[in-house]
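Hi there,

Here is the structure I promised to pass on to you. Have a look at it first, and then read my notes below.

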Amino acid sequence: QVQLVESGGGLVQPGGSLRLSCVASGSQYRINAMGWYRQAPGKERALVAVITSRNIITYTDSVKGRFTISRNNAGNTVYLQMNSLEPEDTAVYYCNAYGPAFSAWGQGSQITVSS
């Protein structure tokens with residue numbers, strides 16, 4: 001089994017920054033990619049950013065230039081550095097990891113951007 005534990009959510013003013021972290025545990029499964037999704041009120045869960053084991057990175061258009069995804073050398077931790085945050089970024093953010101034999105989700109982190 002692979003379990004994901006998130007940390008770093010909270011309240012921030014517009015223009016501020018936050019960093020989310022997600023740690024995967026479970027050494028028996030290959031992790032091909034880790035990433036972040038978000039779900040705003042009344043909307044479906046949507047991709048924010050993904051980084052693969054080969055360090056190929058994909059961002060949704062609305063966060064390009066503001067968010068940066070990265071992972072540690074061991075490949076079991078993913079980060080999302082969020083700068084220049086906007087009220088439209090307010091959502092629950094979910095960490096995701098997948099491999100040949102699994103897909104796992106974190107517990108969700110509330111990010112609120114408000115003055």
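**What I found**

Leu 4, Met 34, Trp 36, Leu 80, Met 82 and Tyr 93 touch the most other members of the largest nonpolar core, which has 29 residues. A nonpolar core here is a set of buried Ala, Val, Leu, Ile, Met, Phe, Trp, Tyr and Cys residues joined through side-chain atoms within 4.5 Å. Two or more residues of this core come from each of S3, strand S4 (33-39), strand S5 (46-52), strand S7 (67-71), strand S8 (77-82), S9, strand S10 (102-105) and strand S11 (109-113). Strands are DSSP runs (E, at least two residues), numbered from the N terminus. In soluble globular proteins, nonpolar side chains tend to be buried together.

Please keep in mind that this is a predicted model, where local features need pLDDT of at least 70, side-chain atom pairs count only at pLDDT 80 or more, and totals for chains, interfaces and linings use all residues. Residues are numbered from 1 along each chain as its sequence is written, and side-chain values use heavy atoms, with hydrogens and water left out.

Back to Tyr 93: leaving aside neighbours within four places in sequence, its contacts (heavy atoms within 4.5 Å) include Glu 6, Leu 20, Trp 36, Phe 67 and Ile 111.

Next, the disulfide. The count comes to one, taking a disulfide as a pair of cysteine sulfur atoms within 2.5 Å. Cys 22 is joined to Cys 95, with 2.0 Å from S to S. This pair links distant parts of the chain, with Cys 22 in strand S3 (residues 18-25) and Cys 95 in strand S9 (residues 91-99), 73 residues apart. The torsion about their S-S bond is about -85 degrees, so the disulfide is left-handed. Cys 22 counts as buried at 0% relative accessibility, and Cys 95 is buried at 0% as well. Buried means under 20% relative accessible area, exposed over 50%, and partly exposed in between (1.4 Å probe, protein chains only).

And what about Val 5, buried or exposed? Val 5 counts as exposed, at 53% relative accessibility. This residue lies in strand S1 (residues 3-7). The C-alpha atoms of Val 5 and Cys 22 are separated by 5.4 Å, although the two residues are 17 residues apart along the chain. Not counting residues up to four places away in sequence, Val 5 touches Ser 21, Cys 22, Val 23 and Gln 107.

Enjoy exploring!

Best wishes

How values were computed:
Helices (H or I, at least four residues) and strands (E, at least two) are DSSP runs, numbered from the N terminus.
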